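Student: I'm new to this structure and would like to learn how to read it. Could you walk me through it?

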Amino acid sequence: MREFNYYRAGSVRDAAKRLGASGNAMLLAGGMTLLPALKMRLNEPGELIDLAGIDELRGVKLTRKGAHIGATTTHAEVAGNVELRAAVPVLPHAAESIGDPQVRNRGTLGGSLANNDPAADYPAVALALGATIFTNKRKISADDFFVGMFETALGRGEVVTQVLFPKPQRAGYAKFPNPATRYALVGVCVAQFKTGVRVAVTGAGASVYRLPEFEDALDADFSEVALDGLTASAANLNDDMHAGADYRAHLVSVMARRAVSLALD
Amino acid sequence: MTGGMGIGVSAPRTEDRRFITGRGRYVDDINLRSQQYAWFVRSPHPHAEVRGVDAADALKMPGVTAVLTGADMQADDIGPLPVAWGITSRDGSPAFEPEYPALATDRVRYVGNPVAVVVAESRTQARDAAEMVNVDYEELESMSSATAAMEEGAPLIHEGAPGNMCFDWEWLPAAMAPDARSNTDKAFEEAAHVVSLELVNNRLAPNAMEPRASLADFNPATGQLTLYTTSQNPHVNRLLLCTATLKMPEHKVRVVAPDVGGGFGSKIYHYAEELTVCWASRRLRVPVKWTAERSESFLADAQGRDHVTRVELALDADAHFTGMRVDTVANLGGWLSAFGPAIPTVFYAPLLAGVYRTPNIYVTVKGVFTNTTPTDAYRGAGRPEACYAVERAVDEAAVQIGMDPAELRRRNFIQPDEFPYQSPVGQLYDSGDFEGCLDLARELNGYEEFAERRRQSQARGKLRGRGMCFYIEACGAAPSQAAGQLGARAGLYEVATVRVHPSGSVQVLTGAHSHGQSHETTFAQIVAERLGIDFGNVEIVHGDTGEIPFGMGTYGSRSLAVGGTALYKALDKVEEKGRKIAAHLLEAEAADIEFTDGQFRVAGTDRAVPFGDVALAAYVPHNYPLQELEPGLEETAFFDPENFTFPSGCYICEVEVDRQTGEVELCDFVAADDFGNIINPMVVEGQVHGGLAQGIGQALLEHCRYTPEGQLLSGSYMDYCMPRADDLPNFVVATRCTPTPFNPLGVKGCGEAGAIGAPPAVINAVLDALRPLGVTHIDMPATPQAVWQAIQAAQSGD
Amino acid sequence: MDATVSFTLNGKNVSAETTGATLLVDLLRNHFGLTGAHVGCDTSQCGACVIHVDGVSVKSCTMLAAQADGSTVETIEGLAANGELHPVQQAFHEHHALQCGFCTPGMIMSAVDLLRRNPRPSEVEVRDWLEGNMCRCTGYHNIVKAVRAAAVAMGEQAS
């Protein structure tokens, strides 16, 4: 790693101010993707602003609107949260599938969303559940938040503070892991609300995306059979040594069925 | 008397304590005062002319002591990295051996080829400065696959190797030359059935968990160089440093291989990096340390396998094998690693008879240069490739003629009364009970109930398949004379010194090196058993040329068969001398002294003296036959085996395939091995488990993938798929024993078996599962995508 | 750039001067001489560097030394209490769950965290948990066996 300054922020305001003032500072939450990237010298920030000391960013709260989860809540905390398991089980289930135990012990929800790795798990859940991402400046709907590969709607000096996941009637997340990294080669999250079904795919494309055709079919009939005959397009899908675009497209429809099955379980 | 830890006991390991408490001492754990750090500038191109190295900017960076290049190395008369085995082509010409400089002088031939080294006060400073070294490359055309390299008009990698051919070799062992080829052709003409397969043996990265590291410390006052390095064979490294590269006398060079975190072949060789830090330390007069990052290991450690093979098997109407033809193209990489030419030839072809009585076998191998990291021995080294060819062909034959694969194998087994058995490819098999192993494996597998298990899998929507493999391998390299005739440039004996201290405690100095093999425990068991002393009173010293007389190190499952026998022979000498001392103390004839349970006893009497008293007498020779016998009790033996040893075994595994995703789940794996006699069953089982995991990794997960031009795609654990706990099942392992007559311990070796036998067993099982869908072939690794594609192709009638 | 970090290390209060970019594993190995945590990869996957920070297992190669300021750090060197092996260490020894020993400290620290959360893990649960710890020697068979045996031993100790 190149040398940088380390700064532990005392509050969101403090972090945002510092971030806005610096030309090349970055926020540090769990560091599970940022630090490996710095080790590979893919990024060379002048300063890391650590959010770990800010208590208000951490924790899970359930309200009528859904699950409010603080940005620096770790994957392990989400996975182990008993109330969440009862209320929105897809969240702890998805959190448990992220990385390995040590990654889950440090990796955070906010970090995962803000990084928007094309193969990360949380973005699919956030998009399928129609989550709202709260920052120090505004709130952003998941539909607007994920812009492209490693790209989000976050502006300069903007800090994710918490995420609101509405409680679906039913939801499931099915993931086919990359055999080497265990990231999602393809992950599909399906969520049914009174207002309709949302289906989001991660791992397959440059960024997480929705599958309107699958959503329509499941709106009509929320069952695996409803997806019979539906295939996902391979156009613009990722193509690498682990999976070509056609295989990924195939996995999208298989994982979609499995997500429905998990939702119905 | 042995403390309950003699031969045959699953003694818990002596070496464990330091590892489980975090007190191991690996090379990177060692730091010397004033040490500096090396970082290598490596070629980013698969193939390029190096027109110049400009270090001016790098030298201005903070903390930088020096930037050294291949030209500096040449000026200091540093020799090229040696090739340890010469191979002769079928036209009688020697294999082309390019001079391989540790730092490139005029051309780089693979991505990662070292070009220069930066030495600085900190590792980060060295790395930062390395980024500032400007190398003027002129890129050349390149290719990564051996078949592409053989094509007409392919870019030429070495001027001296037209067609990129290092050698074009045929195997005509003395026993049946010169008729092997015509006899084999005749067998095929007369065959009732012929099976023909094209197989790819995928390239692997060894991935010992400890990355390589070297720390060199030249003392200008004494002229002494000490090298701490991650080596499986420190004496061999010293030999090559002294005679080939650094050119210093042996007494001025000490090589220490302390705790070493796994090797699997990758830490045998004399690498560019360890030579460079030695030279840099001597030149700069400071200790110089280099520790590889994992991504560097993927470029710089010798890789394994990478064959393309056409194998054909001829059978008569009774399903007896009558002939086999094997034609292999082996990818050697951009340069020759030390044993690079030997692995796909003399470590491969002589095992192609397998466990069968196939009378006629003809083998040709072409060794080809490509723009990839050099290949060399990796766990199994030539034998997994041979086993894969044979056992895939045998399984294919069983399918073709509609016979149970176990029955077909049984019909062709070499029989127990045929040992020692002279194979047509030049090996004299020592012993074996192939039917016994097969029956044991079948029993452990529940062979007869497979159909029921298949039905159950089907009910869960899964395709179940079962695969079998029968391997035989040659361990215990090697009879030096035989190896010499085949081109080896070193002897392959082993050395042990038994030092009995005055108190009767014992130190063994062994030339074998344990980097996971458990010698500190198993060798001590041999001593405890032989001398009748407590296991806890024995210490095994290894890995330091300053302490141990000599040795050839640990690889090829040789430590016990060769090193253990050297120890056994040294113990013979200790016992013999002890007998003379005891005879004197007991006032008897040496011929009348028996040695049992740690007591020298006058035969047929109760007059006895314990081993400890004899040891004390040897060092306090007040009452001692000084006229006939020297004081002291320390003996050394060199052992050069008269033959290899031949472990064999039967593996059966079952898989379930998810036809929707192509995922293969390994459900069961049983191994029935014959390793001859066993010193420590628990340690042997551990060796089998580890070998199986690596073999399964090859079959299902692992692959060094390059672009066609030679950029490594799988250059980290993000892309190179290492087997993890949840990829593997519990293993069921058992042994049968036919002791080898070729060493007094009757031991054969167990380190590589799993890696040799597992790949064909797994692929045979995957194909067994997929055949109902019309799939007839799949290459390793059978990844989910590969399986899915094979199903797609079969279903669409391609 | 230099700053002082202070934390509790294996029960003792320690502090060190360090830079922002210093990794915790490097501080432990190079400054404190605790070389039990190993570096086996550069992509945060192999787990040879696993230690405990504030009671949970983490990869010390993917944590800045500065992030540990004010926390409680436990390494493999601190696991055996008064020379008595922890039941996981003892089980690794008895069941031959290590060969070269390089992955072992991380493997043990990871397993201790598992057993703290799940005192009686199934074989599948052990294998799943160890996803972040690579071993090239043992094929994991004896590691899984040892972790489950340690669970039993700890259960007996507790009752």
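Student: How many Å separate the centres of domain 1 and domain 2 of chain B?

Tutor: Bear in mind that this is a predicted model. The centres of those two domains of chain B, taken over C-alpha atoms, are 39 Å apart. The domain assignment builds domain 1 from 16-23 + 493-639, and domain 2 from 31-140 + 209-262 + 267-300. It also gives a domain 3, 383-477 + 643-795.

Student: How many residues of domain 1 of chain B are in contact with domain 2?

Tutor: Contact here means C-beta atoms within 7 Å. On that basis, 14 residues of domain 1 of chain B meet 16 residues of domain 2 of chain B. The domain 1 side of that contact has 3 nonpolar, 10 polar and 1 charged.

Student: Why does the radius of gyration of chain B agree with a compact globule?

Tutor: You compare it with what the chain length predicts. A compact globule of 798 residues would come out near 28 Å, and chain B has 27 Å, so the two agree. The C-alpha trace of chain B spans about 90 × 75 × 55 Å along its principal axes.

Student: What share of chain B is buried?

Tutor: Buried residues make up 62% of its 798 residues.

Terms used:
Residues are numbered from 1 along each chain as its sequence is written. Chains are lettered from A and ligands numbered from 1 in the order in which they are written. This is a predicted model: local features need pLDDT of at least 70, side-chain atom pairs count only at pLDDT 80 or more; totals for chains, interfaces and linings use all residues. Domain bounds come from an automatic or database domain assignment. Two residues are in contact if their C-beta atoms, placed from the backbone, lie within 7 Å. Ala, Val, Leu, Ile, Met, Phe, Trp, Tyr, Cys and Pro count as nonpolar, Asp, Glu, Lys and Arg as charged, and the others, Gly among them, as polar. The radius of gyration is taken over C-alpha atoms; the globule rule is 2.2 Å times the number of residues to the power 0.38. A residue is buried if 20 or more other C-beta atoms lie within 10 Å of its own, exposed if 12 or fewer, and partly exposed in between; C-beta atoms are placed from the backbone.
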